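Welcome! Please take a look at the sequence and the model below, and then read on for a short tour.

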Amino acid sequence: SSGNCSTTASDSFKGFSPTMVKYSRESKNPSKACKAQGVDLRVHYKNTYETAQAIKGMSLKTAQQYMQDVCEKKRCIPFRKYKGTI
């Protein structure tokens, strides 16, 4: 594994057909918020959940640096909810 974390938008949305999505909550300040959706991604739900919890509430630059450090194995993602078999 080369440890490369970069992907392009076109890699993520091959075969994606836009549909109306209902989110459970709307942001208080839409100009400072973002929403993301992945379809047919080859990832595990539990890993994705723990990653999202780790960067939740961080600023964009802080989250990007954190994820870069994770890719370079300088920092780790703490598994809090799904830690039974790890």
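Phe 79 counts as partly exposed, with a relative accessibility of 26%; partly exposed is the range between buried (under 20% relative accessible area) and exposed (over 50%), using a 1.4 Å probe and protein chains only. Phe 79 belongs to the segment after α3. Its C-alpha is 5.9 Å from that of Glu 50, although 29 residues separate Phe 79 and Glu 50 in sequence.

## About the model

This is a predicted model, in which local features need pLDDT of at least 70 and side-chain atom pairs count only at pLDDT 80 or more, while totals for chains, interfaces and linings use all residues. Residues are numbered from 1 along each chain as its sequence is written, and side-chain values use heavy atoms, leaving out hydrogens and water.

## How α2 and α3 pack

Two packed helices are described by the angle between their axes and the distance between the axes. Helices here are DSSP runs (H or I) of at least four residues, numbered from the N terminus. The axes of α2 and α3 come within 10 Å and cross at roughly 130 degrees. That makes α2 oblique to α3; oblique covers whatever is left after roughly parallel (under 35 degrees), roughly antiparallel (over 145) and roughly perpendicular (65 to 115). Axes are lines fitted to C-alpha atoms over the stretch in contact, with angles from 0 to 180 degrees between N-to-C directions.

Which residues meet where α2 and α3 come together? From α2 there are Thr 51, Ala 54 and Ile 55, and from α3 there are Ala 63, Tyr 66 and Met 67. Contact means heavy atoms within 4.5 Å.

Asp 69 sits in helix α3, which spans residues 60-71. Asp 69 is buried yet has no salt bridge, and the nearest side chain of opposite charge, Lys 74, is 4.5 Å away. A salt bridge would need a side-chain nitrogen of Lys or Arg within 4 Å of a carboxyl oxygen of Asp or Glu; Lys and Arg count as positive and Asp and Glu as negative, with His and the chain ends not counted. Beyond its neighbours within four places in sequence, Asp 69 is in contact with Lys 74 and Arg 75.

## Two positive phi angles

Asp 40 is not a glycine, yet has a positive phi of about 55 degrees. Asp 40 lies in the loop between α1 (9-12) and α2 (45-55), and is exposed at 76% relative accessible area.

Lys 73, also a residue other than glycine, has a positive phi near 60 degrees. Lys 73 is found in the segment after α3, and is exposed, with a relative accessible area of 74%.
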